[in-house]
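Please walk through this structure with me, from its sheet to its cores. Keep the sequence and the model side by side.

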Amino acid sequence: MLMWSHSKIGEYLTLLDSDLIFNKTPYGWDSEPLRSAISKISNNSGKWFEKSVIAQLEKLGFKGRRVKDKTFDKFPDIRFDCGEIDYLGFHAESNCMVIFEFKMIETGFDARGIRQVRSYFLEGKKPFVKIFRRKIDWVNANLPFLKEYFKREFKTAIPSELNKVKATFITYYPTLLSL
């Protein structure tokens, strides 16, 4: 006999959205096989989030790509040493080049949640803002090369007067933090 509970399915979906995608093992579920499975769920959720955001950016008219360590291997003069850029895009209609950083973080609108988000972005050993600043600096320093790269790769002419990029974080949940 198979038992089915619509309420239980709803609870599991809530658990997925609130804990598992953030690599949290629910109380009483702690075992190595479950931690490993939850880690896979979390990693796949992050990948899904990034792909979904990129698809939306492209629908809005951005042309661009994720920039990884090997993206510019064909160009020996370019030293890519700032860490992976989630998405570097150009929007022709607004003549704007933007660096997007995607963060699938928990949030909270209570004092504890706000402090936690603030900590992720501004404090600790690897604050998001400090790492992101290094990426922004790299893109600004290599803007002439990137204009040529976009022209070749995306058949997109970036105006010569463009001399600075914009940058933003996109988070899974809204956050009250203003940078």
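Contact here means heavy atoms within 4.5 Å. This is a predicted model, in which local features need pLDDT of at least 70, side-chain atom pairs count only at pLDDT 80 or more, and totals for chains, interfaces and linings use all residues. Residues are numbered from 1 along each chain as its sequence is written, and side-chain values use heavy atoms, with hydrogens and water left out.

Start with L88. Setting aside neighbours within four places in sequence, L88 is in contact with K63, G64, R65, V67, M97, V98, I99, V139, L146 and F150.

Now the sheet. Helices (H or I, at least four residues) and strands (E, at least two) are DSSP runs, numbered from the N terminus. Two strands pair if DSSP finds at least two bridges between them. Four strands form an open sheet in the order 1-2-3-4, with mixed pairing. Strand 1 (62-67) and strand 4 are its edges, each pairing on one side only. On average, neighbouring strands are turned by 25° against each other, direction ignored. Axes are lines fitted to C-alpha atoms, for helices over the stretch in contact, and angles run from 0 to 180 degrees between N-to-C directions.

Follow strand 3 next. Strand 2 (residues 85-91) pairs with strand 3 in the antiparallel sense over five bridges. Y87 has F100 as its bridge partner there. The hairpin of these two strands has four residues between them, and N95 takes a positive phi near 50°. With strand 4 (residues 166-171), strand 3 runs parallel, joined by six bridges. In strand 4, F100 is partnered by T168, and F102 by I170.

How buried is strand 3? Buried means under 20% relative accessible area, exposed over 50%, and partly exposed in between (1.4 Å probe, protein chains only). Eight of the eight residues of strand 3 (residues 96-103) are buried, so the strand is largely enclosed by the rest of the structure. C96, V98, F100 and F102 cover one side; M97, I99, E101 and K103 are buried on the other.

Helix 2 lies across strand 1, strand 2, strand 3 and strand 4, at about 155° to strand 3. Helix 4 packs on the sheet, touching strand 2, strand 3 and strand 4.

Finally, the cores. A nonpolar core is a set of buried Ala, Val, Leu, Ile, Met, Phe, Trp, Tyr and Cys residues joined through side-chain atoms within 4.5 Å. The largest has 26 residues, of which F72, I85, L88, M97 and W138 touch the most other members. Strand 2, strand 3, helix 4 (128-141) and helix 5 (143-154) each give two or more residues.
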